[in-house]
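Reader: Hi! I'm new to reading protein structures, and I'd like to zoom in on just one part of this one. Could you pick a spot and walk me through its surroundings?

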Amino acid sequence: MADDDESVLITPEGHLSKCEHYIDREFFGHIDREERDEAIIRKFKEHQADIEACATCPYYPQCIRLVMCPIRTCTQEFRQERLDETKECMKYEYECYKMQ
């Protein structure tokens with residue numbers, strides 16, 4: 001969400017932000033003003049450098065590892081959870097297909 005130009009979070013006070021994890025800070029503007037802090041917007045778009053695991057990770061094409069994301073640690077456990085979830089989804093879809 002944070003790296004999408006079309007996505008904007010508006011706080012109850014009218015501040016504009018790019019991520020719900022930063023609802024109390026890192027504002028790039030206000031609904032009552034035209035000015036936008038482009039440096040903050042660019043900061044939320046910044047991607048982390050690839051790690052060694054990226055080379056063989058099946059999720060790499062859809063992985064969005066942003067510097068500002070508080071959930072930025074890619075661990076073996078996280079990758080395994082995603083793989084298990086994908087396998088379960090595939091099994092479910094296959095069972096639905098067989099029932100047609």
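Author: Here is a close look at one lysine and the parts around it. Keep in mind as we go that this is a predicted model.

Let's start with where to look. Lys18 sits in the loop that links strand S2 (15–17) to strand S3 (29–30).

If you skip the neighbours within four places in sequence, the residues in contact with Lys18 are Met1, Ala2, Asp4, Asp5, Ser7, Phe28 and Phe44.

Now hop over to Ser7, which belongs to the segment before strand S1 (9–10). Why does Ser7 count as buried? Because its relative accessibility is 15%, and buried means under 20%. With neighbours within four places in sequence left aside, Ser7 is in contact with Met1 and Lys18. Ser7 can also be placed relative to Ser17: the two are 10 residues apart in sequence, and their C-alpha atoms are 9.1 Å apart in space.

Next, follow Ala2, another contact of Lys18. Leaving out residues up to four places away in sequence, Ala2 touches Lys18, Cys19, Phe44 and Leu66. Ala2 is also part of the largest nonpolar core, which has 10 residues in all, including Cys19, Phe28, Phe44 and Leu66. Helix H1 (residues 38–45) gives this core its largest share, 3 residues. Phe28 and Phe44, both in that core, are in contact with Lys18 too.

Last stop: the strands. S1, S2 and S3 form an open sheet in the order S1-S2-S3, with antiparallel pairing. S1 and S3 are at the edges and have a single partner strand each, so one side of each has no neighbour in the sheet. S2 and S3, the strands on either side of the Lys18 loop, run antiparallel and are joined by 2 bridges. If you want a pair to find on screen, look for His15, which stands opposite His30 in S3.

Terms used. Residues numbered from 1 in each chain as written. Predicted model: local features only at pLDDT ≥ 70, side-chain atom pairs only at ≥ 80, totals over all residues. Heavy atoms only, no water. Helix = DSSP H or I, 4+ residues; strand = E, 2+ residues; numbered from the N terminus. Contact = heavy atoms within 4.5 Å. Buried < 20%, exposed > 50% of the residue type's maximum accessible area, 1.4 Å probe, protein only. Core = buried A, V, L, I, M, F, W, Y, C linked by side-chain atoms within 4.5 Å. Pairing = 2+ DSSP bridges.
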